[in-house]
Amino acid sequence: MALSGLQIYKLLPQTNCKECGFPTCLAFAMKLAQKGTELDKCPYVSDDARTALDAASAPPIKLATIGAGDRAFGVGNETVMYRHEKTFVHQPGLVVRVKSDAADLADVAARVAGYSVERVGMTLTLDGLAVEDAGGRAAAYAAAVAAARAAAPGLPLVLMSADAAAIDAALAGGAAAEKPLIHAATAANWQAMAEVAKKHACPLVIKVADGDLDGLLELSGQVRGAGVEDLVLDPGATTLAGELAAATQLRRLALKKGARELGYPLVAVAAAPTWQAELVRATQAVGKYAGVIILDHFEPAMLYSLLTLRQNIYTDPQKPIQMEPKLYEIGSPTADSPVLITTNFSLTYFSVAGEVEGAGIPTWLLVADSDGQSVLTGWAAGKFDAEKIAKTVKGSGIENMVGHKKLVIPGHVAGLSGEVEEELPEWKIMVGPRDAVDIPNYIKNVWGA
Amino acid sequence: MSRYIATRAIRGAQGMVREAEEAVNAALVELGPDAPVAFTNTAYYLPVIYAFTGEKVEKLGDLPAIIERAKNLLHPVPSNNMWLPYLGETLDSGIATLFAEEAMEGARFARGTEPQVIKLDHARADGARFTGGDLGVHGDKMKLNGPIDDIQLRAWGIQLVDGRMPGFCAIVGCAKSNEVAVKIVRELQSRGILIFLSGNVNGRSIIHQLQEEGIQLGYDTFTVPFGIDTISAVYALGFAARSALTFGGMDAGNARKIMLYNKYRVFAFVLALGEVDDLKYATAAGAISFGFPTIADTRIPQILPTGVTTYEHVVSMPFDEIPGADDMERTEKLIQRCMEVRGVKVKIAKVPIPVSYGSAFEGERIRKDIMYAEFGGKRSNAFEFLRMKPADEVEDGKITVSGTDIDGMEEGGALPLGMVVDVSGRKMQTDFEPILERQFHYFINGVEGIQHNGQRDIAWTRISKSTFGKGFRLEHFGKVIHARIHEVFGNIVDKVQVHLTTDQAEVDELIEVARVAYAERNERIANLTDESVDTFYSCLLCQSFAPNHVCVINPERVGLCGAYNWLDCKASYEINPTGPNQPVAKGLVIDAEKGEFSGPNEYIYQNSNQAVERVTLYSIMEAPLTSCGCFEAIMVLVPEANGFMIVSREDPSMTPCGMTFSTLAGTAGGGMQTPGMMGMGKYYLTSKKFISADGGMKRIVWLSSNLRESMRPALQEVCEREGMPDLLDKIADETVATTVEDLLPFLEEKGHPALTMDPLF
Amino acid sequence: MTPVEIPVEKWSGAVREVTLGSSYGGGTRGSTVSVGGETALPFLGFEGAMPHRPAIAVEVQDMHPADWSAELQAAWGDAMDDAATWAQKAVEAGADLIALKLRSCHPDQGDGSCEDAVRTVERVLAAVPVPLIVYGPGSADKDNEVLVAVAEKTKGEQLALGLCEDKNYRTIVAAALGNGHAVIAQTPIDVNLAKQLNILISDMGLPLERVLMDPNTGALGYGLEYTYSVMERLRLAALMGDSMTQQPMICTAGEEAWRQKEGRAEGDVPEAWGALAERGVAWEISTATTLLESGADILVLRHPASVSAMRDALDDLTKGA
């Protein structure tokens, strides 16, 4: 059972020594309760307190770090079943798989490493390359892994083979320093795999077939017994329903039953014969608890969809995405196009932009910095007032882009029109509708009239 | 229940059943049992009988069983020395009457004597068809409509159900004069009310009257002539019964549900014109079962207590005794009373003023150079005052103006202005007065070219030259207030009248009356305690972003956003019963000191997605209310000082607890219950229940300076109430301490009481 | 080793069942579609039932939608010129129902008459055996006029009529009440507003077994996460027994996905976006899958390739259930 900040505070030294980086023990305790910092930061915590707090504060799903260097990514440490309960924290790594004997291996590796796309001010990239052993000699696999590393330096890897010797060869060939994820230890090979993982200090996937959680629990015990602690689970289900059931059960076991043996992130092999089917699988995996998602298709449209979805699902519901405050061009606006202003809450922006875009009305859309709040909330909090509107207009250069001086403000802040007029005396302030859906009609019937 | 009415209704029912039985028997002899019985174009057989009993009458042979049912509902006439409630007997008689009337009409249809053909005094020249079906006037003969067919039922039924048509009126009898008959119909039509005509007095029916005056009757004019006898009034109830079957999804035979459906959804009433005979009483009793009251324009005993109908059952308004200059004015009042008795709501589609109206004009500024005139402000006094009055003292829509109007003013001039708004409503409460009054600002600001500021006796209104030029005058303020109160507060207000005055003497006189009321209101709110009520209110508005957040608002605590107090929530619930503010029964007291009650606990558990199990309203140490994100200030424990500190939203500084407002908000916000921390509305500070279990104001060791300064007088009062007049200056703020290390010496130096109070934990 | 004890949630509530289409009492449908009835979260067969597989509707308009993405125009071709033909092709493509939008009645789109609208609905009913969802043109007054006319002329067909919104639901509900149809209640991405509208509709006497709710879809990249979380919350509340959240949900994944830039723009976009031919369908599939997993009972789609992908997905999701 999670402790409240106050309960944690009672267990701390209460000296306000500040060595943890927080000004007071209470502030530190509150942050601990949110699982936003670690108890180790407190040098003076008593052993009794540590025992009590550790039990309450250890993350129910262990963090696994895949790769080394700038592109390394961590997965796990999730604390909720549904994102609305708090937030999902570590977004799943998207990994593209190639066969070790593929002729275009280096080419694919380079493309995966180089793929990137911009969305709401963020650069979204793929996270890794999985090299799947095509069978054959260990040396051949090691060579393929080396080729991939050469083609995509620094890109995290997933080494996929049932043959521990092949994995060992690849790691020994230099890959070990990059801490790739090893896929996978099974009931058949776990001793050898565990040994390789331990030897090279790399995270290890343990894999069963058909969502066999009993098998997974057993394997977890065996592998940890052999000294490997950094695990990732592959329940090995083959249908969407099976994957969903296994992923849900594992998350519940970790969060609600405190099942430490199964408190590890998951890998989902979403690969399917067509990219459409693969997209469905991967979409499910993003929402339903995967830590690493392995894909077979390097199809940009699919990758762009998945990166966008991942960004959506892993947005903290308490901290909505903010749009960059600036002048946006919707369609190809001209000197005669309308000028609208709204706030930089992403959903507000999308609603307004979506309506004018959908209606095919080229528009200048000014986005004011309201700290990511919607129009009404921003207005109530003083983050979207006449001054802010005027500042946004003046700073945007819009007066040089249009031949008219008509500014449409959202209907919800009709009460500001007089003040905005005073701030922007050369502009005619028009009060638009309250709901975005009415904007096209407003532009057609009121704006132009 | 009046014994007189019971007697008349029971006697009327007995007569009607007897008459129907004879008519049915005669028809059976003449036409045989297999002769078909069917109303015009309907799939609902004889609809009242079908709806109440599920019996499908299709031929004459089916009718005797119905007569038997009616007989079983008959009761003996009460004896002179027996005084009982009689209600059940009267209602039974009403139903028996409706069955008998419908059976009678069925027999007439079998014979082909329905719909009725009446003879007119004057032949109409056109002879054209003027109403639905094959009805019409031919020479001096006029064929009446009879029952409404199913197609028309659907068209009107939808409008009755979706509210576009406010209700229907079944008129039975004959008006005082043709002129009054026409006026009645016009008054009802202007409100969009559907009119059914039937009955007569001494052979003369309102149908004759309207026909003589050339009034168009029929589906197109929403004025349908059923028949010139009282029996045909049963078609109105057949229409109502079919509405319930069609639009209420009711099954035939489920009498109770059908009656309730009509009571709550079909705003119908009976208007009895002229003498009320036994059969009319009996038929009216049938209508009462549907929840339809009767208003009579003659002197008859009234049945005022509500029960079967929503308001009064039978209301008597002897026509000649209605106050009014002439019959026309008396008619207006009669119809207005009908609206009230049935609870028909006024709808005003558009605010009737010469300039545009809408929220887009709310923010307009009327600068000096474009101003025509102003009221209030520096140059004159002005006030706004809304008060509740008994229904008979308010005439809806009446707007009076005294003193100089705007067109009597010079450009740029100023005059005093008093606006007194009287409202009445069955669900209106004195407590709602300030809530309605506060909206005047928004109502008036919606007018193009008007700027309104302030409220109560600091109201200040400016009108632009252009708006004046378009014809805006003082009475239009009244029209705006009248229309908008009906629109926004229609659920609680029935009637609104407005008086405006620019007469200095009158303004000065009335402003004092208003000030007494303002003071009383302040007093009343100050005296409202948690103990004096048994219901708190919830607010779930913030669940859109804080899914588990539930505000419980008690009289002694304002919502944490500061925007809603207990009275606001109460009014909000009356206005919008399915809205975000719901009543929360206080339930059992679990801990009076900490403010834990069974009702709020249960409500919070159910409405927080079962995430929060209990709440202590007067303590933040154990189970404080959850915090959403829009609190005006946040309170947090300072363990070192054995007290609490409060940071306002406007204060960006670091604070002694080591967290700024935004860090604190991030910790406690989002619908979490965080012991030791809680969002709050700033006026909660002045409440006697302000963390009373934790020690109240004496526990406050630090307070953002902007809060202290802006609320100083109110806070000083609290300190005095707590017996520590100098407490306020013992409390630190960001100018003296932003760390706990600076805070403690300050408190020591000042001798802050929290340091020596019982340990908080 | 002791076997893993599978954690199973014990829910006290269930989603209501709603049936669209009827083959008797005035109905002429060759097939009907029932949705809802779930006693667990979507597709979790190990803890409860999902008695009806979610259904796929295909959106058909009563006029050629010239503003639709070129991809969609290419996919349906000339069939888009005639609603009945289009509906037939949609059924061939795998639609369980047709979502017919009477767009040409909109005052800005030709202001077509109620008679025309009724004729179109009757022609589509005659052309396909599946149940129909009928959307008004999306202008409050005209919606009321057109949907009332359609409701009366199709009495007994058990259509779903849309959209009921908090400002405009009474007439549509009344029309559904009197003619045996269901309604779609749409609210703007908010649990309590959805509940409130369901209360208002049921207060008018329409049985909740005839109410679908549309929590208002945001497309992938355009607010999808809000819809996703609101739907999860609605469904959890339904399973916890909150009666007014127990309506099956309908989501217009196709409309939302295809009206975004990603569903329309060809050229002049970053190469990493992929080609429009794949991108539009990808956007629709990913939007639809996400909604399905958060509780959608009916998906309204636009592209035949998405219909086929989602049918396959549903096969796979309901395997063994």
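Author: A residue is called buried under 20% relative accessible area, exposed over 50%, and partly exposed in between (1.4 Å probe, protein chains only). A:Asn16 is buried, with a relative accessible area of 9%. This is a predicted model, in which local features need pLDDT of at least 70 and side-chain atom pairs count only at pLDDT 80 or more, while totals for chains, interfaces and linings use all residues. Residues are numbered from 1 along each chain as its sequence is written, chains are lettered from A and ligands numbered from 1 in the order in which they are written, and side-chain values use heavy atoms, with hydrogens and water left out.

Reader: Where does A:Asn16 lie, and what is its phi?

Author: Helices (H or I, at least four residues) and strands (E, at least two) are DSSP runs, numbered from the N terminus. A:Asn16 is placed in the loop between helix 1 (5-11) and helix 2 (25-33) of chain A. Most residues other than glycine have a negative phi, and most peptide bonds are trans. The phi of A:Asn16, however, is positive, near 50°. A:Asp371 also is not a glycine and has a positive phi, of about 60°. A:Asp371 belongs to the loop between strand 15 (363-368) and helix 13 (375-380) of chain A, and at 42% relative accessibility it counts as partly exposed.

Reader: Which residues are joined by a cis peptide bond?

Author: One such bond joins A:His183 and A:Ala184, with omega about 10°; A:Ala184 is found in strand 8 (residues 181-185) of chain A. Another runs from C:Gly162 to C:Leu163, with omega near 5°, and C:Leu163 lies in strand 6 (residues 160-164) of chain C.

Reader: How is the length of a helix judged, and what span should helix 8 of chain B have?

Author: The expected span is 1.5 Å times one less than the number of residues. For the 14 residues of helix 8 (residues 234-247) of chain B this gives 20 Å, and the end C-alpha atoms are 20 Å apart, which agrees. Since 14 of the 14 residues of this helix are buried, helix 8 of chain B is largely enclosed by the rest of the structure. B:Gly249, with a positive phi near 65°, follows the helix.

Reader: Is C:Gly138 buried or exposed?

Author: C:Gly138 is exposed, its relative accessible area being 54%. It lies in the loop between strand 5 (132-135) and helix 4 (140-153) of chain C. With neighbours within four places in sequence left aside, its contacts are C:His106 and C:Asp143. C:Gly138 and C:Arg103 are 35 residues apart in sequence, yet 7.6 Å apart in space, C-alpha to C-alpha.

Reader: How much area do chain A and chain C bury between them?

Author: Buried area is the accessible area (1.4 Å probe) that two parts lose on being put together, summed over both. For chain A and chain C the value is about 4600 Å², 63% of it on carbon and sulfur atoms. A:His84, A:Arg252 and A:Tyr304 supply 12% of the area that chain A buries against chain C, more than any other three residues. This contact takes 56 residues from chain A and 52 residues from chain C.

Reader: How many salt bridges cross the interface of chain A and chain C?

Author: A salt bridge is a side-chain nitrogen of Lys or Arg within 4 Å of a carboxyl oxygen of Asp or Glu. The rule finds seven across this interface; one of them joins the side chains of C:Glu47 and A:Arg252 (2.7 Å, N to O).

Reader: What are the corresponding values for chain A and chain B?

Author: The area buried between chain A and chain B is about 2100 Å², of which carbon and sulfur atoms give 59%. A:Leu6, A:Leu26 and A:Met30 supply 22% of the area that chain A buries against chain B, more than any other three residues. The count between these chains is three salt bridges, including that of A:Glu422 with B:Arg365, whose closest N and O atoms are 2.9 Å apart.

Note on methods:
Contact means heavy atoms within 4.5 Å.
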